[in-house]
Amino acid sequence: RNLLSQSHRNPRRLDTISLPLNVAVKGPADESDYALSYIMDALQDNKEDIARKLKSLDWDSFKDASLSIESYDPTSEARPGIELVEMEETAHPVRLNFENMPDGYRLSQYDQASIKRFVKELLDDNLDDSLELVSVADAAGDRNRNLLSQS
């Protein structure tokens, strides 16, 4: 049996799935300019753990997945702007891009909730001591096409 020719007949098509999040933190007013960099550092330092968490949800679907993390401008994606709740509280848009995912696959609501809980725990444990994590939520509560569950 020739495995090479079989893999060429049914190649696995891969795609990128984005999970945009708003990470709200509270801290000293003079630290707010640095909050996003603290958030990004904590996520980058632990991105392999986030990828492992995703793979643990469904190994067959996610075994080839990798993760890139970026900040983004939510206004460029037709989402409402981020509101400041208090002078010291700020929200920071962060997008988790799961790469090498099966083409056409969409994260289920359960998978999204699991990843958000894991990111929240990770940030609770790894953010700079001057910041308090307020929340990790879907960006603007939007359920865009990248977040819809596969039916």
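Helices here are DSSP runs of H or I with at least four residues, strands are E runs of at least two, and both are numbered from the N terminus.

**View 1. The whole chain, element by element.** This is a predicted model, so to read it: local features need pLDDT of at least 70, side-chain atom pairs count only at pLDDT 80 or more, and totals for chains, interfaces and linings use all residues. Residues are numbered from 1 along each chain as its sequence is written, and side-chain values use heavy atoms, with hydrogens and water left out. Starting at the N terminus, the order is α-β-α-α-α-β-β-α-β, which gives 5 helices and 4 strands.

**View 2. H3 against H5.** Helix H3 (residues 47-57) packs on helix H5 (residues 109-126) at an angle of about 150°, with the axes 10 Å apart. Axes are lines fitted to C-alpha atoms over the stretch in contact, and angles run from 0 to 180 degrees between N-to-C directions. That makes the pair roughly antiparallel (over 145 degrees).

**View 3. Side chains where H3 meets H5.** From H3 come Asp-49, Ile-50, Lys-53, Leu-54 and Leu-57; from H5, they meet Tyr-110, Asp-111, Ser-114, Ile-115, Phe-118, Val-119 and Leu-122. Contact means heavy atoms within 4.5 Å. Sorted by class, this contact has 8 nonpolar, 1 polar and 3 charged residues.

View 4. Of the protein's 151 residues, 40% are buried (under 20% relative accessible area, with a 1.4 Å probe and protein chains only).

Definitions and conventions
Parallel < 35°, antiparallel > 145°, perpendicular 65-115°, else oblique. Nonpolar A, V, L, I, M, F, W, Y, C, P; charged D, E, K, R; others polar. Buried < 20%, exposed > 50% of the residue type's maximum accessible area, 1.4 Å probe, protein only.
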